[in-house]
Amino acid sequence: MGAIVLSGRDVVGYLTDLIGFKLGLSVTENELTEAVTGHGLSGVWPDAMDATYRYRSEAMEELCQVMLAAFGDADAAHALSFPAVMPQLMREFPDLMEDAGALDYTLKRLPELNPPPGSNIIDPRPLFREVEQRWGNRGILIAGRLMQIINRNLMASPWSRVRRQDFSSLLELRNLFDSESLPVPLGLFFDQRFIDFLEVNSASLDRMHWRQFEGLVAERLRREGMRVEIGPGRGDEGIDVRAWEADSDESAPAVMLVQCKRTREKVDRVVVKALAADVMFEGARSGMVATTSSWSPGARKTVEARGYPIEETNRDTLISWLTEMRTPGCGAWLAGSTLKQKEESS
């Protein structure tokens, strides 16, 4: 394999540009250094910005993919675990080479697929139909997995100009920790890029700005199909988020009141008692105390003993939310629904 010679400053600049292009995140040199250290790659990180370093191309590719994965890219994480296409297919289809017709045909036809005018997304469904006609259900499963793996590797490759989304602007990662500003377009409360980052960096839940934490909770409820209103952030008298059923009358009381506690301390019984009083006063159906920590035993005992309709959303719950909300891998193929249907029918 060849080698690449770069200055330390070039390495930082290249990775900054790569993460910005692929993930839409603007990161600093300190954030890159922290990620490298956390993933055990300090030995390949430049010690001096003006010094010159020689990287084998495969080592540079691994460094780039580790950095993409560290900042939230699922395709890069999978590519690191399964870098080669054929060994993965052979594990999933042990008898693949005994009847490789579907595989060979898909490899032959793939370069002939082109996106429609004005788009960079290829629709593989016509190819799926061709494969299905000749090799049936098993053929379409092989073709689908092959295309997903190839696409995943293209998404994660630092040498490709393929990315999942064209970003209108970069989002500064530091805003997750420093900014009270929340997204405004399309009624969103929390940026997807922050969700992807937090899913692989759950320790950062403790450091995120309290207002961003409120946005994360509000965004989760919105994705559950509720109509959500987030409070002003200050002077909200303890109610950070209100939620209604999607089809409820505009004048109806909220069905859920939420208080958000971004803290390392356990939530005590005073908090749940106060929220229970607010639920009763506003005529809501239930309440939620969401925290980056957990409830104290006393808080749980009080809720249970008094029958308060208060739900605990703790750190473990948040991590499960992030896993469900994160951007899935497999890039931009439109193969998901077709492949899923075939898998369910098999």
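These legends describe close-up views of one predicted model. Residues are numbered from 1 along each chain as its sequence is written, and side-chain values use heavy atoms, without hydrogens or water. In this predicted model, local features need pLDDT of at least 70 and side-chain atom pairs count only at pLDDT 80 or more, while totals for chains, interfaces and linings use all residues.

**View A. W295 sits in a loop and is buried.** The loop runs between β8 (286-291) and α12 (297-306). Helices (H or I, at least four residues) and strands (E, at least two) are DSSP runs, numbered from the N terminus. W295 has 3% relative accessibility, so it counts as buried. Buried means under 20% relative accessible area, exposed over 50%, and partly exposed in between (1.4 Å probe, protein chains only).

**View B. F71 and F197 form a stacked aromatic pair.** Rings of Phe, Tyr and Trp (its six-membered ring) pair if their centres lie within 6.5 Å; planes under 30 degrees apart count as stacked, over 60 as edge-to-face and the rest as tilted. By this rule there are four aromatic pairs. F71 lies in the loop between α3 (57-70) and α4 (74-81), and F197 in helix α9 (residues 192-200), so the pair ties together parts 126 residues apart in sequence. F71 is buried at 3% relative accessibility. F197 is buried too, at 6%. Ring pairs link F71, F177 and F197 into a cluster.

**View C. F190 and F194 form a tilted pair.** Their centres are 5.8 Å apart, with 55° between the planes. F190 is buried, with a relative accessible area of 1%. F194 is buried, at 3%.

**View D. Two arginines sit over rings.** A charge sits over a ring if NZ of Lys or CZ of Arg is within 6 Å of the ring centre and within 35 degrees of the ring normal. The charged end of R134 is over Y105, 5.1 Å from the ring centre. R207 lies over the face of F177, at 4.2 Å from the ring centre.
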